[in-house]
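Hi there,

Here is the structure I promised to pass on to you. Please have a look at it first, and then read on for what I found in it.

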Amino acid sequence: MTDSKHRSPQGMGFDTLSLHAGQVPDPTTGARATPIYQSAAFVFPDSDAAAGLFNIERAGHVYSRLSNPTNAVLEERMAALDHGVGSVVTASGQAALHLAITTILSAGDHIVSSRSVYGGTHNLLEYTLSRFGISTTFVDPRDMRAFADAIQPNTKLIFGEVLGNPGLEVLDIPTLSELAHAHHLPLLIDATFVTPYLCQPIELGADLVVHSATKFLSGHGVVVGGVVVDGGTFDWQSSDKFPTLSEPYVGFHDLVFADEFGPAAFITRARKEGIRDFGACMAPMTAFQILQGLETLPLRMQKHVANAMEVAKYLEQQELVASVSYPGLPSHPDYELAQTMLPKGCGAVFSFELKDGREAGRVFIESLNVFSHLANVGDAKSLVIHPASTTHHRVDEASLKASGIGPGLVRLSVGLEDAKDLINDLKGGLRAVEKFNKQRASQAAKPLEAVS
Amino acid sequence: MKVEIHGKSVAYSSGSGHPEHNAPAIYFLHGAGMDHTVWVMQARYFARHGYRVMALDLPGHGKSDGPALDNVDALADWLYGVIGATRSGADSVTLVGHSMGTLVCLSLAARYPDLADKLVLLGTSAPMPVADVLLNAAQDNDHAAIDMANTWSHGQRSLLGASDNPGTSNLHMGERLLERMGDDVYFKDFSACNGFSTEHYDAIHTPTLIITGDQDKMTPPRAGTAVADMLMNSRLMHLQGCGHLMMSEQPNQVLDAMSAFVLT
């Protein structure tokens, strides 16, 4: 149709879907909550039905690596929230990214990726997938021309995160999706930092979405999981670039996924090949726990965003803070884009730079009491990490700078506590840095003989 | 897959089947704005059971050449030609239609009574009037036509994001499928539905299974019951908790009903 830009149907609202999507009361027991189907396998009604399940004629479950009723509720809820035709949940966010990539890419193929991505993602793209013949060119996420220039004849995928790491660059998804589609390429987006409550990449033009469900989707920080959502928007037969979907698959009796499944070609192959063969499936108990988190996602994200904004504004005014990188602040280079792309807020993960470098960062985080010092984000509890003294402690300052990480850079994941308590905790940390600086200055000022 | 008929390409799915020369043939006709992929599960079932499956893209839909036709009898004549060119050595022909596709089945059965051995009609109504608001939006190629029809085509369970097919959103599948159609196709389809009348047809004696969904807002169950009453040899099955897109909303129940009727 002329007015063909995809959009969401006139269905239920986001808050309703967060609570209900994918689940109706259990028809056998009447259970209102989603039951945990802790079963590895499922009984076949008869041989013909069994053959029908294997042959994708019948709906149902065979073996929990392939699908499970509890997992299916989570998958359908995420498809509903992200406006996808379907989704597959995985053992972790990394497994979700791997599944998305390997469903359409093979040895000899190439990815153009934002260079501001999660460290684990960088490792997968730069070091691990390259061992299997899939190469990646990394580009500045703000430079659309760089994305275009990096596209090669064997490029099969454009990838980026809604909010870059660690600089919180806002990826211009509408522009990048137009660029990708002009080259007959799909756009895959990692939306972990924003969740579908703050940003629905498929609505903005992306074709595929991955999340680490460990983070805000769960909110409780007790499980590890991931999800791949298929927008059903990309025409895999518009070129000969995607043979896994447009040509017969010997591993499934010459099935041509795009021919038979239409908009669901990608997600069907992801389940029938990627989860079947790589096997990085989610445990049903994990799916249940993520579902508990999703029920309160809208409420939590509102508080996360409100707290993050208060904390960011506070930090921006502090003498010891060199800069705050949060797209919700007018000082951020992508503030204007964020206003249009992320009108409900820019998430709750951001970084700031302490003026006094690596030692100041170490002193700061070790002085915090409410913020927990650990390597995760998206918990209901506030979290903090100082890369230069922890994850990147072996890296020299020049290399840190090349990664966009200053020696005094501190990353916060702002939780759901009272904002005043978070700010008081940060005040304590800054006071400790001040004290440390004074001690260091007074020691430096002492004459040598006084020390000896 | 594609076959060339009268210089035009007709796209179809065989359900991954490899039929014998004399295999019974089964033709699937999709509804307004859709394509053959709505039949994926049923097509694969009958292919596995030895049928020559032809899940067709109607003219101007999916990957079949256009133009789309705005008249049910013209669509039935097109189907008559497709069957003649593709049935191979089949000694029986079954027609399965959904929504607008059911009208094509009825037209063919009325005007060529010896062609089809059985009919299966899912979500049918005869006549099949289309609301002005939908017709007008389709005429303007306004996306609102897709939103309206897709929302009205799903039962409560699908609207709440639940699916029998693990991990699937029936609602968004419907939306994305409809978004693939070209300009004016929806209006032509709805015009075909709106202009359909059984008045000039002789009585249809072909054994017919009619499947209705109790939450179907596009072709309410009472309309399907009226079609069953109109036919000389029909049986009726009502699906509970099901909307208009019953092939994806309740695939197992549809398959059980179809296999019991078609295979016996």
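This is a predicted model: local features need pLDDT of at least 70, side-chain atom pairs count only at pLDDT 80 or more; totals for chains, interfaces and linings use all residues.

In strand β7 of chain B, B:T208, B:I210 and B:T212 point one way, B:L209, B:I211 and B:G213 point the other way, and all are buried.

Residues are numbered from 1 along each chain as its sequence is written, and chains are lettered from A and ligands numbered from 1 in the order in which they are written. Helices (H or I, at least four residues) and strands (E, at least two) are DSSP runs, numbered from the N terminus.

Back to β7(B) and its partners. Strands count as paired if DSSP finds at least two bridges between them. β7(B) pairs with β6 (residues 118-122) of chain B in the parallel sense, over four bridges, and B:L121 has B:I210 as its bridge partner.

The loop between α9 (221-230) and β8 of chain B holds B:L231. That residue is buried, with 22 other C-beta atoms within 10 Å. Apart from residues up to four places away in sequence, B:L231 touches B:I204 and B:T208, where a contact means C-beta atoms, placed from the backbone, within 7 Å.

Helix α4 (residues 132-139) and helix α8 (residues 185-194) of chain B pack at an angle of about 145°, with their axes 8 Å apart. The axes are lines fitted to C-alpha atoms, for helices over the stretch in contact, and angles run from 0 to 180 degrees between N-to-C directions. On the α4(B) side the contact uses B:L134, B:L135, B:A138 and B:Q139, which meet B:Y186, B:F187, B:F190 and B:N194 in α8(B). These residues divide into six nonpolar, two polar and no charged. For these classes, Ala, Val, Leu, Ile, Met, Phe, Trp, Tyr, Cys and Pro count as nonpolar, Asp, Glu, Lys and Arg as charged, and the others, Gly among them, as polar.

Next, the contact between the chains. It takes 41 residues from chain B and 49 residues from chain A. On the chain B side, the elements that give two or more residues are α1 (40-48), α5 (143-152), α6 (156-159), α7 (170-179) and α11 (251-262). The largest share, seven residues, comes from α7(B). That side divides into 15 nonpolar, 15 polar and eleven charged residues.

Over in chain A, five strands form an open sheet in the order β8-β9-β12-β11-β10, with mixed pairing. β8 (321-325) and β10 (372-373) stand at the edges, each with a single partner strand, so one side of each is left without a neighbour in the sheet. In β12(A) (residues 409-413), five of the five residues are buried. A:L409, A:R411 and A:S413 point one way from β12(A), and A:V410 and A:L412 the other way. Five bridges join β9 (residues 349-354) of chain A to β12(A) in an antiparallel run, with A:R411 as the partner of A:S351 and A:S413 as the partner of A:V349. β11 (residues 383-385) of chain A and β12(A) are also antiparallel, over three bridges, and A:I385 stands opposite A:R411.

Lastly, A:N307 lies in helix α13 (residues 297-316) of chain A and is buried, with 21 other C-beta atoms within 10 Å. Leaving aside neighbours within four places in sequence, A:N307 is in contact with A:A348, A:V414, A:L416, A:A419 and A:L422.

Best wishes

Definitions and conventions:
Two residues are in contact if their C-beta atoms, placed from the backbone, lie within 7 Å. A residue is buried if 20 or more other C-beta atoms lie within 10 Å of its own, exposed if 12 or fewer, and partly exposed in between; C-beta atoms are placed from the backbone.
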